[in-house]
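Hi,

Here is the structure I promised to pass on. My notes on what turned up in it follow below.

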Amino acid sequence: MIITSTKDLDAIRQSCLSRLYTPEGVKVNIGMASCGIAAGAQASYNRAIQEFSTKQGITISQTGCIGFCEMEPLVEIVAQGKPRMMYHHMTEDKIVEAINGYLVGDYHKKWILGQMRDPRNLLEDQIPNPQDKIQPAEGFPFLEDIPFYAKQVKVALRNCGYMDPDSIEEYIARKGYYAFMKALTMAPADIIKTIKTSGLRGRGGGGFPTGIKWESCAKHSGDRYIICNADEGDPGAYMDRSVLEGDPHSVLEGMLIAALAIGSKQGFIYVRNEYPLAVKRLITAIKEAEKIGLLGDHIAGTNFSFHIKISRGAGAFVCGESTALMSSLEGHVGRPRAKYVHTVEKGFRDGPSNLNNVETYANVAPIILKGGDWYASMGTANSKGTKVFSLVGKVINTGLVEVPMGIPLKDIVFGIGGGVPRKKEFKAVQTGGPSGGCIPTRFLDLSVDYQKLAEVGSIMGSGGMIVMDQDTCMVDVARYFLDFLKEESCGQCNPCREGIKQMLDILTNICQGNGKEGDIELLEELGTTIQRFSLCGLGTSAPNPVLTTILYFRDEYEAHIRDKKCPAGVCKPLFHYEIDPEKCTGCHSCAKKCPQEAITGEKKKPHQLDQSKCIKCGICYDTCKFDAIVIR
Amino acid sequence: MNSSVSEASLELDYRELDRIIGEDYQNDKENLIMILQAIQKTFNYLPRPALSYLAVKIGVPLSQIYGVATFYSTFSLEPRGRNIISICLGTACHVRGGDRIHETLVDQLKVQDGQTTSDNRFTLESVRCIGCCSLGPVIKVNEDMYGHLKPDEIQSILGRYE
């Protein structure tokens, strides 16, 4: 069938709603994004298929990532008239028992994360909540109430984990492509106006107002291109991967709407090579959309034609920069150029090109359907709507979280994230990837938006939030980012190519115990020079991690340089481990694990550590439950 | 390139190359990066004769193809081992001790990043974030992912690959 009207969408939607919310028999939804698969979801899926696929009334299905990555593999079991139960840490053995238990109403309390109160997304509020009629199971929390989900508002992630990403019918059942059909009836200027009203800003990191970008691209003549940046090069950020793997159609729909607004016939998605599953799901999504006439020539029976091609990147961080990405799309080396002529005027193939990131496109459809004012009602004065963060590092509840802009940093790290594991002390949050900065404890009350992050020397970036505890050395972190950036600098301009290397050499020296007086000042001077004179965003932001760590953790730099000590116990030449005889219970577990047999001692008596054998691998430090291994 | 020995014995399947370049990617030079990826997938690296052939087919100078092949980190101009170990050195893995895993791998395999063991069993490559940050530190051996790693687990993981 070819879609020509909203009525056609309605027909598909009606036929599919029951599959989503009131399935026949029992339906098992297994979270099968990369993170879930890596945690063992594939094995659970295979086992469930093997055990139940021939049994009447049991459907095994896949979904994307539901965000709470710490708990993966996550599996949801649904049946008519019963609560929707979410199971965590499923294994191939547990899943069989969980399903069998669910069938007879025995829910295995320890394995359950919660029951879902409302599986619909924000676009479906006019259909009755299918869970309203169902008696909740007593003694199980609601998923929406547990701290990880309580403060989240899912716009970009509205479908991730709630539908089969390979099924266009399920996407349509969740009100997908309705925004596009609406946009088909709108004047391009009105679409742009709606996006401008919404206040949506580029979620890839730049934060440039999306509506204004669309408007300026539409102004220039020539073949215009719609490009989706799915290169997601920031280490520690994976929201784009989750959207592509869990809800690829939302990105296609966003691109289609942009194409209508700007007047484009051709779109490109530039996906990083490290994301093979995202590519696979995108290919399926494009084929499905073509099949029902939502992509290709004469879409929905109109004169509008739009084709999307997938291009794979090949591992170059600088290709996240728009001009470098476009050069790479043309099959060239991904080197950026100075942007005295903007890419909205001359970009890919020298044509006007509109580049947005995955998350930006994923926000477009809800804005068109619910209106710009609705989106602008969330967030702060200069940062509207919601933002997805990947909350990772030394935090208890790692995962993807989508929250309204302006939420206090501590609500994310401690409220949603549950704080730092193993009773360690919180030290900083690094935001914005290699272009960002480290935010120390005293700014935990900071409300997170573009402006406030910039005020403390960091940036929003693509939304990576890496929590650091007392065992993280800030000098080492700065060195780590510079090492990354030295590798990734395209080498075209001197300040970036030579400057980053110089800064890295100084930092490496400091970490090796060869730091000198004046190094900190030299780093600051080099940093400001590189910021001012580099060609592209990579160079101009490269010194940020160094400058913010110097600003907030100068004492740690000084300890490395003056006292030749690494207080966090990371820089190997600058610390050693000792056993505190007061705290050591003689449990012997560290000695058993030490690969060098450097720890000896009788059971139940304080042990000894032979410094000459110790290689500072840290296994004893990680093993000891009594804090008896200390860093000196 | 010191891969002349292995390349002398390498029989290039030109029909396969034609299929990749012509059918899958329409001899289109804009597809250069993806063509190189497909060639690398077929031969496990980018053999010089294949690149020369590609240069003629799509009309891009060999120097430019080398420019691309050396610029992007996923390409290898030298033969790689039977098993590719990718160690993630993303920030989340780094703060959770990814460096220690890296050291252990370097120590046990006796190769540095990008190198192949003398028995061709493993090639060690570091990658920047595979997007499974919640499982850090992470390594990938071929397509198998191992998360929440501790240095003492490396040996038994390596033992699973011939």
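Let me start with one residue of chain A. Leaving aside neighbours within four places in sequence, A:Thr194 is in contact (heavy atoms within 4.5 Å) with A:Met186, A:Ile367, A:Ile368, A:Gly371 and A:Gly372. A:Thr194 counts as buried because its relative accessibility is 14%; buried means under 20% relative accessible area, with exposed over 50% and partly exposed in between (1.4 Å probe, protein chains only). Its place is in helix H8 (residues 188-198) of chain A, where helices (H or I, at least four residues) and strands (E, at least two) are DSSP runs numbered from the N terminus. A polar atom of the A:Thr194 side chain lies 2.8 Å from the backbone oxygen of A:Asp190.

Before you read on, some conventions: this is a predicted model, in which local features need pLDDT of at least 70 and side-chain atom pairs count only at pLDDT 80 or more, while totals for chains, interfaces and linings use all residues. Residues are numbered from 1 along each chain as its sequence is written, chains are lettered from A and ligands numbered from 1 in the order in which they are written, and side-chain values use heavy atoms, with hydrogens and water left out.

Next, the cores. The largest nonpolar core has 143 residues, and A:Tyr177, A:Phe180, A:Trp214, A:Ile257, A:Val271 and A:Phe306 have the most contacts inside it. A nonpolar core here is a set of buried Ala, Val, Leu, Ile, Met, Phe, Trp, Tyr and Cys residues joined through side-chain atoms within 4.5 Å. Helix H11 (residues 248-262) of chain A gives the most to this core, 10 residues. A second, separate core of 75 residues includes A:Val546, B:Phe43, B:Tyr66 and B:Phe75.

What about the two chains together? In the interface, 38 residues of chain B are in contact with 62 residues of chain A. Between them, the chains bury about 3800 Å², 53% of it on carbon and sulfur atoms; buried area is the accessible area (1.4 Å probe) that two parts lose on being put together, summed over both. There are five salt bridges between chain B and chain A, each a side-chain nitrogen of Lys or Arg within 4 Å of a carboxyl oxygen of Asp or Glu. The side chains of A:Asp483 and B:Arg128 meet in a salt bridge, at 4.0 Å from N to O.

Happy to talk any of this over.

Best wishes

Definitions and conventions. A polar contact is a pair of N or O atoms within 3.5 Å; within protein, one must be able to donate a hydrogen and the other to accept it, and residues adjacent in sequence count only if both atoms are side-chain atoms.
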